[in-house]
Amino acid sequence: MKLTDIRDNEGAAKSRIRVGRGIGSGKGKTGGRGVKGQSSRGGVAIKGFEGGQMPLYRRLPKRGFHNLFARELNEVNVGRIQQAVEAGKLDAKGVVTIEALVAAGVISKAARDGVKILGVGELTTKLAFEVAGASKSAVEAIEKAGGSVKILTAAASQA
């Protein structure tokens, strides 16, 4: 076998149908669109249309609620922050902000609307936090270690 002998199996690659190329092709003249009517013309947009019947997307009940003003927060546990401090990635003397957590690799660079501290794990280092939110258990753990938490307002965390 030579390199020039390599080719697809018979029928593996099907050639596309060239529409509207003369009546002898079998798909000429109207080009498979039939005769007259909305769908025979250009600019047709009838995706959800069901011939006047109430469309499925309107027949089904709507559920739930989407809050337009909801903030998308990165969530970090106090145990993960303690690991970063012990590894020397996070400065214990400075203020822990979203920028500091991104620089330490605790959260990804895809920083959302802010950071919320959660209380899973144990914190032994005294740290000062400036974050968008913190759970009750996280605030208790931080204050127990001698640290402080400053909750930023929505406008201040986006600026």
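My entries below go through salt bridges, a helix and a surface patch.

I kept in mind throughout that this is a predicted model.

**Salt bridges.** How many salt bridges does the structure hold? I found two. Glutamate 50 is partly exposed, since its relative accessible area is 29%. Arginine 59 has a relative accessible area of 44%, so I noted it as partly exposed too.

Next I turned to arginine 112, whose side chain meets that of glutamate 72 in a salt bridge at 3.2 Å, N to O. This pair links distant parts of the chain, 40 residues apart: arginine 112 sits in the loop between helix 3 and strand 3, and glutamate 72 in the loop between helix 1 and strand 1. Arginine 112 is partly exposed at 45% relative accessible area, and glutamate 72 is partly exposed at 49%.

**Helix 2.** Which residues of helix 2 are buried? In this helix, residues 78–86, I listed Val78, Gly79, Ile81, Gln82, Ala84 and Val85. Their cover includes strand 1, helix 3, strand 3, strand 4 and helix 4. Just after helix 2, I came across glycine 88 with a positive phi of about 80 degrees.

**Surface patch.** I also looked up a nonpolar surface patch of about 450 Å², made by Met1, Leu3 and Ile6. Leucine 3 lies in the segment before helix 1. Is leucine 3 buried or exposed? Leucine 3 counts as exposed, because its relative accessibility is 75%.

Methods: Residues numbered from 1 in each chain as written. Predicted model: local features only at pLDDT ≥ 70, side-chain atom pairs only at ≥ 80, totals over all residues. Heavy atoms only, no water. Patch = residues over 30% accessible without salt bridge, like charges linked within 9 Å, V, L, I, M, F, W, Y side chains within 5 Å. Areas by Shrake-Rupley, 256 points an atom, 1.4 Å probe, with all protein chains shown as cover. Salt bridge = Lys/Arg side-chain N within 4 Å of Asp/Glu carboxyl O. Helix = DSSP H or I, 4+ residues; strand = E, 2+ residues; numbered from the N terminus. Buried < 20%, exposed > 50% of the residue type's maximum accessible area, 1.4 Å probe, protein only. Contact = heavy atoms within 4.5 Å.
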